[in-house]
Structure formats: structure tokens, C-alpha cells
Amino acid sequence: MKPSTTATAEVADDVLRVLTTPDGDLQDLLRLAAGLCRADAAGVTIRRDDAFHVPLTHGIEPFVCPAEDTFCVTVMDRGEVVVVVDAHDHPEYAGIGWVDGTRARARFYASAPLTTPSGAALGRLCVISEQPHDLDALQRRSLSTLAASMTQLIELRLRRDADPGLVRPAHEAATTVITQIAAELSHDMRVPLAALTASLELLEDQLGESPGHAVTTLLDRMHGSSQRLLRMLEQNLDVRHVETAGPHVDVDLGRVVEQLVADSAHLLDPGGAVVESRNLPVVRADPDAMYSVLQNLLSNSVKFARPDVPAWIRVSARRRPGGHRISVRDNGVGIAEERRAQAFALFQRGDHEVEGHGIGLATVSRLVRAHGGRAGIESTPEGGTEVWFELPDHEPDRQPDHQPGRDRATGDPAGREAWLPSGA
């Protein structure tokens, strides 16, 4: 679809501010785009007046250059993926700095559109290479998906930066706000998941029919993880499931933790984090919801570890009348008492130096309540934090949309339980 207009300078400035802030998620998308397209470099180009700003790059340094000295100026009105197999075959590119050697000697170029929510052209997600080549259908689709993902992530960060406390009109019910955000985030997160799935398909095509046992095992594991992530998105963020959990079955929490540790090696290994578990019961619950609850608590423990001190996390449980209390204790920085009351509110973050959107613990709160349970936080004598949640032995009755006397955003009475900083 052709962009309707070009984004204003004010909008471009807001986006450039986001893109100049270090962000691992956006950088990972660029790296993936370059890899999928077999390109030497990738960048996000944003047009502002008569110049293109490229603040986020992979393989090259960020830069600003006149619009007429770019590939992108000729395709800004194109609403689809554009591929230039060999710039030497196109006279209109012969004199630009990216081709004639002033900046680079690129021959291959491909890009996909970045647009505002209203459809205005904002810029392009671009890849370049010195060697001419084409993109097949899967690569083109992947580049388009990654550009859509980039657009959604930028929009999410703009919304978070503009209103970190989720300021809302006084007359607007918090439940309505959460429902709207849940629907938006469900869409936002399905986009990068689609990109990952496309990457897996591309990898399988490249490997052929006999990739070997080890590779087949890894691919099966990645497919399983992507399917579990899709179920988690539907459970955690789909508007239809904002206040409910899925079907309850017997769930061995010990096995959930084992799977979670295996899936989280990229998070645990770099800092030497250690996860211990003991006395974890079998509970009646939605297995994907339990995975999500423990994943968010584990992630927070790692994110809020003490500087230069490996994270130590213990997951334990004890029997209580009518159910079980599961505790996640860590040796991290802890949280000041005065900051606990709002720590699990949506989009509230305990530390703005730590990456995150302030969604994780709001999700934990909702999922635990959907199981008829409750959750809270305690300090530990040796420092750090202990977050606990309780699950009843029986399956809860489905609750109405709103219970009189309870907070509609959290379901808790006026005196809320205190929580970890919501950085996930």
C-alpha cells in the first residue's frame, strides 16, 4: 500500500530520539535483517526535510546525508519491498555516494517501508552489500515483516516515553485501558514472532533434507519454543483472555522451571546466573500461564542483579491451607519500600536504566489472579527480594469483569500487595 503522506519533522524528531537511545531489541532486528538478506550492512533511515538520518545501523556507522545522495529517496513512496539487484544497471544510482565510492561501493540494495500509524511515510529499513544479488520470496517477506516489527517497536517506545505512568482520562475505566493495550501488544509481539518463524523456515530451506541429528534437534526445539511463545501471547495479551486463564491441568512446576532454565540460557549464562529449585509441587493450572509467571519473575531477578555479582535465584514452595505458596528469591538489589506500591502497575518500571516496558509483573499479577491466587513481595535478611504467589487447590470460578470495592486495573483492594520493579 502506498504511503499517504510524508511524516512531519516533529514526528521524525520523536522517532530519531527513540532510535538514538540504546536498544537491544531494535539492534537485534537490524542484525537479523542483514543476515537474512545476506547483506554487509543494515540501517534504519528516517527522512527529515531534505536529509536522511540513519541513527540505527549494523555494519556501518550512523550518519546523516542529503536526500539526493541516497537510494531511499527514489523509493519513499513505495509501500512494498524494493530490491535493486545491481546498482550499476540503474543510471539513477550511478552518482550517489553509496555507489561511487564516496561513502561505499554498494551494488545491492533492498528496503521495506516504515510508516506512522496513520500511514505516513517515515523512512525505510535498508540493507546494502557490495556484491549484487537478488532476494527470493521468503527473504522479501522476512524483510517486510522485520520492517513492520521495527515500526511497532518504535511506536511502543514512543507511547511509553510519552506517558510512562499510563496517564488516562479520569472517566476512563482502567479495565478498558488494559484491554486496549493488551490487544495492541498482542499484535505488536506477534510481528517479531512471525519474523522468527520465517527465519526458521529459511534456515530449514538452506539446510536441505538431511541437516543431521543435532541440527534437527535444535530446529525442533526452536519450533517448540515459537509455538509456546504464540500460546503465551494469546494467553497473556489477547483481549479475549485479559482476565482468564486457559484450561487447568496437572502442572509439574519443577519441570516448568527445568524447561525455563533450558530456554533461558542466553539470559543466564553471560552473567553466570544460578537457578535452584526445590520442593516444587504439581498444581492445577494452565501450563503456559505458569511458564509465563515464572519466566517473568526469573527475568526480573536477572535484570536487577547486583553489579558484578552473579545472580542467584531460588524457586521453592511450601504447603499452605488450601493451596501452595511458590517463592522466587534472589540476591539482587531489592526494591525500596516506598516504590513497592506501584511496582506492578502496567508500564511502571523500577529502574529506567534497565531495559523493559513495565509489562512483565502486571502480567504475573493478572495470571495469578486468573487462577484464584494472590501474590506479594518480601525483603530477605541477606538482601535481595522474595516474590511469592499462591495457588489454590481448586479451580476458581470465573470472575465477573468487575468486583465492587476492588481496583479494576489490578483486582486488588485499595491496600495493594507490594511487588518487584516491573522491568520485564
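**Ground rules.** I number residues from 1 along each chain as its sequence is written, and side-chain values use heavy atoms, with hydrogens and water left out. Since the model is predicted, I note that local features need pLDDT of at least 70 and side-chain atom pairs count only at pLDDT 80 or more, while totals for chains, interfaces and linings use all residues.

**First entry.** I looked up the sheet with β1 and found six strands in an open, antiparallel arrangement, ordered β3-β2-β1-β6-β5-β4; strands here are DSSP runs of E with at least two residues, numbered from the N terminus, and two of them pair if DSSP finds at least two bridges between them. At the edges I noted β3 (63-66) and β4 (82-84), each of which pairs on one side only.

I then followed β1 (residues 41-48) and β2 (residues 51-58), which pair in the antiparallel sense over six bridges, and I saw that Ile46 has His53 in β2 as its bridge partner.

**Second entry.** The other sheet is open and mixed, with five strands in the order β8-β10-β11-β13-β12. Its edges are β8 (274-278) and β12 (374-379), and because each has a single partner strand, one side of each is left without a neighbour in the sheet.

I checked β12 against β13 (residues 385-392) and found antiparallel pairing over six bridges, with Ile377 opposite Val387 in β13.

**Third entry.** I looked for Asp220 and found this residue in helix α6 (residues 213-236), a helix being a DSSP run of H or I with at least four residues.
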